[in-house]
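Colleague: Could you walk me through how the labels on this model were assigned? I'd like to see each one set against its cut-off.

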Amino acid sequence: MFLSLKNKIVLLSMMFLSIMVVPVPTQSLYNLPEVTINTLKKIDLKQVACMARNIYYEAGAEAMPGQAAVARVVMNRVNHGFAETPCKVIYQKTLINENIVCQFSWVCEGKDEPNKASAKYKQAELVAYQVMTGMYKDIVPKTTLFFHSINVDPSWPYKKVAKIGNHIFYSKQKVKKTDGK
């Protein structure tokens, strides 16, 4: 089968990433998704880049499971209709009481482009690619749509579903309040 030059470059890039960025000893090349031409056609590298940037700023200091959980929230939001693509979810803004609120704080903070040659970014890029090819599906439930750092307490009315690393994850299901408490 003949591959276009673009597909060859993408395939080689993903193979290089898979080999060069294996930061955790337990991460095995055998755990990486099978890369096929059909997979390459489905994975938009612009979306991988958006996801990697979000992972980098939201969970760059986390281990791979924490990074994957953050990425899975983005994919869950796509699947729940927040927006059509990961990039659109990540850069989504809402106007509340004449204030612009970003879904991810780093977006409103105007962060610079990360150092894409750093090990931290390369790991975020690998996790983004893995999540977008279907890995880590069970890291958090499919209903998990929100998370925050353990350093803040937004008092959200949502159901807590997991604590992974330095983040707490929630489903949109409202927590029922009991009378008198």
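Colleague: What makes the lining residues of the largest pocket nonpolar, polar or charged?

Modeller: The residue type decides: Ala, Val, Leu, Ile, Met, Phe, Trp, Tyr, Cys and Pro count as nonpolar, Asp, Glu, Lys and Arg as charged, and the others, Gly among them, as polar. On that basis the lining of the largest pocket holds seven nonpolar, five polar and four charged residues. Bear in mind that this is a predicted model, in which local features need pLDDT of at least 70 and side-chain atom pairs count only at pLDDT 80 or more, while totals for chains, interfaces and linings use all residues. Residues are numbered from 1 along each chain as its sequence is written, and side-chain values use heavy atoms, with hydrogens and water left out.

Colleague: Which residues lie nearest the centre of the largest pocket, and which element gives the largest share of its lining?

Modeller: Glu58, Gln103, Ser105, Phe147 and His148 lie nearest the centre, out of 16 lining residues. Two or more residues each come from helix 3 (45-59), helix 6 (105-109) and strand 3 (144-149). The largest share, four residues, is from strand 3. A lining residue has an atom within 4 Å of a pocket point.

Colleague: Why is Thr144 called buried?

Modeller: Buried means under 20% relative accessible area, with a 1.4 Å probe and protein chains only. Thr144 has 0% relative accessibility, so the label buried applies. Thr144 belongs to strand 3. Across the 181 residues of the chain, 44% count as buried.

Colleague: What is Thr144 in contact with, beyond its neighbours within four places in sequence?

Modeller: Contact means heavy atoms within 4.5 Å. With those neighbours set aside, the partners of Thr144 are Val73, Asn76, Val161, Phe169, Tyr170 and Ser171. Tyr170 is 26 residues away along the chain, yet the C-alpha atoms of Thr144 and Tyr170 are separated by 5.3 Å.

Colleague: How do you know that strand 1 and strand 2 pair?

Modeller: Strands are DSSP runs of E with at least two residues, and helices are runs of H or I with at least four, numbered from the N terminus. Two strands pair if DSSP finds at least two bridges between them. Strand 1 (residues 93-96) and strand 2 (residues 99-102) are joined by four bridges and run antiparallel, so they meet the definition of a pair. One of the bridges links Ile96 with Asn99 in strand 2. The two strands form a hairpin with two residues between them, and Asn97 in the turn has a positive phi of about 50 degrees.

Key: 1 Å grid on protein atoms, 1.4 Å probe; cavity = no way out; pocket = protein on both sides within 12 Å on 5 of 7 lines; lining within 4 Å. Buried < 20%, exposed > 50% of the residue type's maximum accessible area, 1.4 Å probe, protein only.
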